[in-house]
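Thanks for coming, everyone. Please have a look at the next slide, and then we'll walk through it.

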Amino acid sequence: MKIIDTATTRAALGFDRLVPALAQMFAGGCESPPRHVHSLPTLTVLIMPAWQTGRYLGIKTVTIAPGNSVLGLPGLHSTYLLYDATTGVPLAQMDGNEITSRRTAATSALAASHLARPDARRLLVVGAGRVASLLAEAYRSVLPIEQVMVWSRKPEAAAALAAQWRERGIDAQATSDLAQAVRQSDIVSCATLATEPLIRGEWLQAGSHLDLIGSFTPAMREADDACFRSAQIYVDTEEACHKSGELLGPISRGVFSQAELRGTLAQLCRGDEGARASASERTVFKSVGTALEDLAAAVLVYESHAA
């Protein structure tokens, strides 16, 4: 079994390769049962399997320990194991954190390649954490993004991230005025742990695309109800409607129904569902993550390493 370290995992997951790999996996599909969740006294364990018969089987294990902050340790750790799906032979172990963060950013970029205006040039990133730090590069791999703004509850974190992007040749600036930044942006991409809405629908311009990454539990939200009114709403998988407060809340209040969702990312990638219909249409994409994405990324890492 190969042990593939963080740097090698990251190097194999350039967005120019990862976004197409995700598109291919969403279009072709795989078996991805619901994640297993187990509660221990001090942490939660998630087990996320996915496989393609006759090819690969992958299992991501995630531990979430909120109390780690007082120990000076990260609260989340994950590992990924890849197997031969025919023989069960272990093929590789790789950095699950790197896979998760990069496939998350790449999934947002993939959705935007279908849903954002093709001439979208102004991106606003809301948040300054691990996933947020990857969004400028991910979006620039699929769209002609020229200007990037970043907002965070911690202004110093936004300033530091904007400086990192400028060092890579990206026209990036931190902003403290979230409302004005949303009004000026073609794409707004949120990657936060917010439990109350940050984005208000009245700020979004016609033709904009709103990408919501952060809300992965019923208690979390990044956007208010107005963001969903008169918008074309897409999800990564139908599981989003049962897990995310972003959708559960508005659905319970009659803002929209699950039947009114335009489609999933798999339907977009297969061409079963149409994407943006006009330059003035407003689109929303809500993702909660799926083991399918992890498997696509892990296979890319393994095959790149084997080559």
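Is Cys269 buried or exposed? It's buried, with a relative accessible area of 19%. The cut-off for buried is under 20%, so Cys269 falls on the buried side. Keep in mind that this is a predicted model.

A search of the whole structure turns up zero. Cys30 is in no disulfide; its nearest cysteine sulfur belongs to Cys269, 13 Å away. Look from the other end: Cys269 is in no disulfide either, and its nearest cysteine sulfur is that of Cys30. The cut-off for a disulfide is 2.5 Å between the sulfurs.

On to the cores. The largest nonpolar core has 67 residues. Which residues have the most contacts inside it? Leu82, Met94, Val148 and Trp165. Helix H10, residues 291-306, gives the largest share of this core, with ten residues. There is also a second, separate core of 31 residues. Among its members are Leu198, Ile199, Leu210 and Leu212.

Let's zoom in on Met94. I'm skipping neighbours up to four places away in sequence. Met94 then touches Ile4, Thr9, Thr79, Tyr80, Leu82, Ile99, Ala298, Val301 and Tyr302. Leu82 turns up again here: it is in that contact list, and it is named with Met94 among the residues with the most contacts in the core.

Next, a charged residue. Lys60 lies in strand S4. Buried or exposed? Lys60 is buried, at 2% relative accessible area. For a sense of distance, take His38. Lys60 and His38 are 22 residues apart along the chain, and their C-alpha atoms are separated by 14 Å.

In general, side chains of opposite charge can pair when their charged atoms come close. How many salt bridges are there here? The count comes to 16.

First pick: Asp186 and Arg117. Their side chains meet at 3.0 Å, N to O. The pair links distant parts of the chain, 69 residues apart. Asp186 is in the loop between helix H6 and strand S10, and Arg117 is in the loop between helix H3 and strand S7. Both Asp186 and Arg117 are buried.

The closest N and O atoms are 3.8 Å apart. Glu246 sits in helix H8, residues 245-252, and Arg221 in the loop between S11 and S12, so this bridge ties together parts that are 25 residues apart in sequence. Glu246 counts as buried, at 0% relative accessibility. Arg221 counts as buried as well, at 13%.

Arg270 is partly exposed, with a relative accessible area of 43%.

Back to helix H3, for Glu98. Glu98 is buried, at 4% relative accessible area. What does Glu98 contact, beyond its neighbours within four places in sequence? Thr6, Thr9, Arg10, Leu13 and Arg130. Arg10 is 88 residues away from Glu98 in sequence, yet 6.4 Å away in space, C-alpha to C-alpha.

Now the surface. Val70, Leu71 and Leu73 form a nonpolar patch there. Together they have about 340 Å² of accessible area. Where is Leu73 found? In the loop between strand S4 and strand S5. Leu73 counts as partly exposed, at 47% relative accessibility.

One last item: backbone. Most residues other than glycine have a negative phi. Ser230 has a positive phi of about 60°, although it is not a glycine. Ser230 lies in the loop between strand S11, 209-212, and strand S12, 232-235. Ser230 counts as exposed, because its relative accessibility is 77%.

That's my tour. Over to you for questions.

Note on methods: Residues numbered from 1 in each chain as written. Predicted model: local features only at pLDDT ≥ 70, side-chain atom pairs only at ≥ 80, totals over all residues. Heavy atoms only, no water. Core = buried A, V, L, I, M, F, W, Y, C linked by side-chain atoms within 4.5 Å. Buried < 20%, exposed > 50% of the residue type's maximum accessible area, 1.4 Å probe, protein only. Helix = DSSP H or I, 4+ residues; strand = E, 2+ residues; numbered from the N terminus. Contact = heavy atoms within 4.5 Å. Patch = residues over 30% accessible without salt bridge, like charges linked within 9 Å, V, L, I, M, F, W, Y side chains within 5 Å. Areas by Shrake-Rupley, 256 points an atom, 1.4 Å probe, with all protein chains shown as cover. Salt bridge = Lys/Arg side-chain N within 4 Å of Asp/Glu carboxyl O.
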